[in-house]
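Morning, everyone. Please bring up the sequence and the model, and I'll walk you through them.

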Amino acid sequence: MLDETNSGNVLVEVRDLKMHFPIHAGVFKKRVGEVKAVDGISFDIFEGETLGLVGESGCGKSTAGRAILRLYDITEGSIKIDGVEIGPTPQPKLREMRPTMQMVFQDPQASLNPRMSVAAIIGEPLDEHTDFSKKEKREKVLGLMDAVGLNRDFANRYPHEFSGGQRQRIGIARALALNPKFIVCDEPIAALDVSIQAQVVNLLEDLQEEFGLTYLFISHDLSMVRHIADRVAVMYLGRVVELATREELFRAPKHPYTQALLSAVPEPDPSLEEKVERILLEGDVPSPSKPPKGCNFCTRCPQVMDICKEIDPTGKEIAAGHQVACHLYADT
Amino acid sequence: MTDATIQAARPPRSQWWDVWDQFKTHKGAMAGLIFFVFIIAAVYLGPFLWTIDPTYIDIRARNSGPSLAHPFGADQLGRDILARMLQGGQVSISVGLTAMLLSLVLGTFVGVLAGYWKRLDGLLMRLTDLFLALPLLPLLLVIIMLFRDPLRAMFGLETGIFILIVFVIGITSWMQTARIVRGDVLALKEREYVLAARSIGTPSRRVVLRHILPNIMSPIMVSATLGIANAIITESALSFLGLGFPPDYPTWGRLLFDAKDMIQQYPERVIWPGLAISLTVLAVNYIGDGLRDALDPRIRGR
């Protein structure tokens, strides 16, 4: 993948990542199948960039994010972060790698322990990975609170005393505590109202500039991804169907699913709104435990061909830095 | 960052002061605490003031009602009931507290292990079911028959039987706690803050100590307060069956059972120990209630 914006080093390298959850049923809890939540995704994230990961609910975005941080024991594949392979590493050994990679969670209410004060929450990573004295720790925590725009007086308060946006700032401060290089933002703005969303996204952008962070930004909000991401990967049923730079993807989406997804974004200008042609997909997303034969999207694709129902398309680079997994572009 | 700015932010105040402040606002809990402290003081310091030996037999005073010499009256052998209540309280309260602690620790330990580590779940919960299915009384009989004499030889008469009773009550009453705790741990470990802790690299044992245990405080508190009541009553039942402390050794339960034959002639002899048991249990319940509220930051400060 060569592109002028992506001249940096690869920080995160994901290859054929698979995360299957077993389904047990019956009296003897026999394994009867598996949910293929993430079924072979590959991409690179360059240092200092933001990769947007979009897709509808249940397509495996969050699972992918968590699997990349090895919060799950992955089924297959390789994950390299900062040159270190962490795919097959057992959990206890991952501890040393944890400071490099952190996560911001979707629900700021649920991701903060209600019984810990803000200072204790932000300080938890420091307790685990540094041997700061009490005073050093407090200094660092207060510094982090400044960095995310929280009043220092709030240090001894508890999460329930804060608004959603402030709670998300606490979550971000916790993720920043160990000076990570790579942060997975798992729909960090989905639970916030619109005015706060902008604040949090701008904060994330400022922090990226200040600390040189790399983000994997998971979202279903296309306009927000368009705002923050440098490159965008589109997921459908556990696969990445299209991966391109932001401009390229929003200007000329190639995969039929991406086209349908983008056509669903509301157009603010009423005069243009009438001209927008909506692509409405028929039917429902197939169950990830029984994906269709051939292309995962073949059951709903408006441009389906015979080959789609037989052979699974692989990702092809059709232009510099623009990958599509679709038979329509097999020859180009 | 300069020193001045650090000091500008309030220094962290110990959480326990906040807990105490909240506890004080709970009227029932304060009343319970005061009463409980009073009972403890009475049963442990009282014998120094009321110096009649609880086993001294003053046969002329037998079955006498309340008088200056015997404020609570005397029993059928002429022993002073107040002195017996005070000494009985020592035993009943210490048995109640220790047995509750033992069953709580055991129950929480098993519950957390079973809830947090899926591999242990099946095994530990079947063990819990097994204990629940055991017929309690025959089991107690066998345990006491087997271990009473060796323990008496080892620790002396009273300490031996005390250890035995606490142990017996403890290991036969932890199952409810274990089940409740397991259920709560199962729910809590799927919460995002536990995931967040794992993404930080917190090892499981510290996740349990830092995130799980503080959040299952409420059900543990409830089982604890109920556990004290249960332990006191079980001890009474054991004494009644002749399996507990020796017959001349007073406990609240024993006093109650000794008096029950003459409940119609001398109802006050049943009322005193009965009242002591109920009020102690009630006080402990209120303390637990207040403590549970005070430990929850969401309720604190309201």
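First, a term: two residues are in contact if their C-beta atoms, placed from the backbone, lie within 7 Å. This is a predicted model, where local features need pLDDT of at least 70, side-chain atom pairs count only at pLDDT 80 or more, and totals for chains, interfaces and linings use all residues. Residues are numbered from 1 along each chain as its sequence is written, while chains are lettered from A and ligands numbered from 1 in the order in which they are written.

Now the interface. Chain A puts 29 residues into the contact, and chain B puts in 22 residues. On the chain A side, the elements giving two or more residues are strand 6 (101-104), helix 3 (118-129) and helix 4 (134-147). Helices (H or I, at least four residues) and strands (E, at least two) are DSSP runs, numbered from the N terminus. Which element of chain A gives the most? Helix 3 of chain A, with 5 residues.

Next, backbone. A:L237 is not a glycine, yet its phi is positive, about 50 degrees. A:L237 sits in the loop between strand 9 (231-236) and strand 10 (239-245) of chain A. Buried or exposed? A:L237 is buried, because 26 other C-beta atoms lie within 10 Å; the cut-offs are 20 or more for buried, 12 or fewer for exposed, and partly exposed in between, with C-beta atoms placed from the backbone.

A:D82 also has a positive phi, near 55 degrees. A:D82 lies in the loop between strand 4 (76-81) and strand 5 (84-85) of chain A. A:D82 has 17 other C-beta atoms within 10 Å, so it is partly exposed.
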